[in-house]
Amino acid sequence: MVEPNPPSPVPERREAACVLRDGTRLRTILLIPHGPGPWPALLTRHPYDVTRDEHEGMLDAGRLVAAGYLVALQDVRGRHGSEGVFRPSTQETADGADAVAWLAALPECTGSVGMWGASYASETQFSALLGDAPALRSIAAALSPAMSAFDGFRFRGGVPEIGSTLAWTHHAIAPDLIARTASPDERDAEQARRQVTERALATGDAYRAGALHTDSGAEAIVRWGLDRLRDPFGAESHRAGKIIGRVGAIDVPVLLIGGWFDVFLGSTLEIHRRLLRRAEETGGPVPRLLVGPWSHDNLSGRIAGVDFGPSASAAHRGDGGDLTERHLRWFDATLRGGTQDTPPVRVFLMGADRWIEPPRFPPPHARTLDLHLGAGGSLTPDPSPHPGERRLTSDPANPVPTCGGAVLLFAPYGPGPADQRAIESRPDVLSWRSAPLAGPLTAMGAIHAAIHLTTTGTDADLVVRLCDEHPDGRSTLVADGVRRASARFTDPVTGEGERRPVVPGEELELTVDLWSTAHVFRSGHRIRVDLAPSSSPRWDIGVNAHEPDGVPAPAEHTIRYGTGAPSRLVLTTLPDVPH
């Protein structure tokens with residue numbers, strides 16, 4: 001007998017107000033399965049208008065509901081449909097804990113909550129845990145800045161991330177903040193200031209040398225972002241929303257999702273390393289890691305003119321399912337007690353263009369390979385028996401432009417494995433390259449460079465890029481990093497340590513962290529290393545003076561190599577291409 005009124009496949013949609021401890025009401029969209037319930041809940045919280053997540057979010061919300069989850073989409077305080085004043089990161093610890101408790105107490109919820117989301121929506125997950133949310137049993141944090149403020153969020157290698165700060169505050173946050181300004185006069189004034197920023201971005205004045213220490217006349221949220229870049233490394237503002245020093249409080253299963261060309265790759269991998277070490281020491285839940293050939297806002301597997309194949313897309317439904325299916329299997333295991341079949345590590349191996357699942361990252365049999373800078377622009381496993389040097393001029397008035405990489409910027413500065421040939425032709429970019437490879441070489445794991453340098457200034461920035469030079473001459477970016485010489489004694493993750501000026505003419509060894517990769521350099525290709533004094537607008541242009549408000553002036557950098565100055569690139573490699 002056919003039921004006269006079969007259940008509708010469309011979930012019930014309800015807008016609810018989550019009331020926080022101070023009475024602030026947050027707009028929350030509830031997508032409720034049909035059937036008897038209650039259900040475990042999945043929550044995402046961010047400042048980007050959660051109505052978008054109903055149909056075009058990172059995950060398919062309809063499939064989450066169809067799988068038997070109560071789905072909650074929430075605008076954070078002071079954004080879009082929620083009340084209050086938006087205070088980035090600082091508000092999310094208490095608010096996140098309140099939101100989880102409110103959701104868990106709904107009659108439609110079993111009392112068990114998981115969270116998912118990328119970028120700010122990953123930070124809100126860790127914040128809720130740190131705010132004491134016992135109903136939060138599992139998280140899936142993607143493209144996450146939550147580790148610290150110093151490793152690709154506000155700073156990298158001691159250099160302010162001015163480009164991504166401008167991009168986020170001006171493009172992602174300012175429009176809604178201005179639109180909800182109560183006073184018409186102040187709203188018009190803020191809109192006028194936003195146009196000032198728009199023009200400054202178009203002309204480059206917003207990120208020219210010294211711009212960080214001048215009054216830009218920008219809108220309030222942009223000024224807030226630039227103020228954070230001016231704050232001392234030890235400022236309390238840099239700890240808001242970050243788990244550095246508090247990893248021990250993360251006591252639930254964590255799935256981490258990253259991209260080889262994501263601005264927060266370093267943070268994502270560092271969270272994984274620290275959580276894995278804690279799990280091994282305490283017997284706690286082992287974190288899972290998934291990394292694709294993705295950028296911060298492109299999970300298609302096609303980026304900067306490179307197509308990594310159909311399986312590289314987060315939407316690819318073969319080989320274990322798309323990103324939504326992988327989340328469902330994760331939450332089924334961690335919230336419902338299902339079989340845990342999420343591999344400890346799943347990474348996309350670029351160059352071979354396929355996924356692999358080693359037992360850990362990097363694999364246990366990985367080894368380091370030193371490639372030494374040598375005479376004639378050579379890059380070899382053995383150091384040159386003779387000393388040598390090459391010079392470049394760092395001119396703050398003519399910085400090296402950003403071209404690809406793990407960036408989150410504004411047009412035309414896109415992310416990914418961009419061809420570097422135009423950049424490498426500049427006189428202020430020095431290159432070293434290996435001989436054509438007789439067989440494939442697999443780089444999988446951490447990369448850093450140790451470069452011996454002297455300069456005529458009292459400070460210096462050094463950008464290091466690892467590239468894959470193809471037989472046809474293309475030089476595609478694999479990974480890069482930066483270090484400010486005055487921050488050579490500061491920890492690149494915690495920001496702790498003394499900053500010191502450089503003594504002109506005194507040789508120093510700069511260690512530059514290029515984060516990590518999983519990439520096969522194919523037979524006939526060359527490994528290439530480029531050194532440059534800047535990458536703008538990605539990173540603040542150094543003025544070659546230790547004083548932060550010093551007058552920009554050219555300086556000459558001398559790169560030394562060979563005997564007594566073993567400048568080198570250090571790769572983590574595998575003896576063969578994994579199957």
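This is a predicted model: local features need pLDDT of at least 70, side-chain atom pairs count only at pLDDT 80 or more; totals for chains, interfaces and linings use all residues.
The crossing of helices α4 and α5 is left-handed.

**The packing of α4 and α5**

- Helix α4, which covers residues 162-179, packs against helix α5, residues 184-203, at an angle of about 160 degrees, and their axes lie 10 Å apart.
- Because angles over 145 degrees count as roughly antiparallel, α4 and α5 are therefore described as roughly antiparallel to each other.
- On the α4 side the contact is made by L166, H170, H171, A174, P175, I178 and A179, which meet R187, E190, Q191, R194, T197, E198 and L201 of α5.
- Sorted by class, the residues of this contact comprise six nonpolar, four polar and four charged.

**The largest pocket**

- The largest pocket holds about 1,300 Å³ of space, and of the 50 residues that line it, Y48, A118, S119, A172 and H296 lie nearest its centre.
- The lining of the largest pocket is made up of 26 nonpolar, 14 polar and ten charged residues.

**The second largest pocket**

- The second largest pocket has a volume of about 410 Å³, and it is lined by 26 residues, with H213, R484, R499, H546 and P548 lying nearest its centre.
- Eleven nonpolar, seven polar and eight charged residues make up the lining of the second largest pocket.

Technical notes: Residues are numbered from 1 along each chain as its sequence is written. Side-chain values use heavy atoms; hydrogens and water are left out. Axes are lines fitted to C-alpha atoms, for helices over the stretch in contact, and angles run from 0 to 180 degrees between N-to-C directions. Helices (H or I, at least four residues) and strands (E, at least two) are DSSP runs, numbered from the N terminus. Angles under 35 degrees count as roughly parallel, over 145 as roughly antiparallel, 65 to 115 as roughly perpendicular and the rest as oblique. A crossing is left-handed if the near helix is turned anticlockwise from the far one by less than a right angle, and right-handed if clockwise. Contact means heavy atoms within 4.5 Å. Ala, Val, Leu, Ile, Met, Phe, Trp, Tyr, Cys and Pro count as nonpolar, Asp, Glu, Lys and Arg as charged, and the others, Gly among them, as polar. On a 1 Å grid over the protein atoms alone, a cavity is a set of points where a 1.4 Å probe fits but cannot get out, and a pocket is an open set with protein on both sides within 12 Å along at least five of seven lines; lining residues have an atom within 4 Å of a point. Grid points are joined across faces, edges and corners, and a volume is the space filled by probe spheres set on the points.
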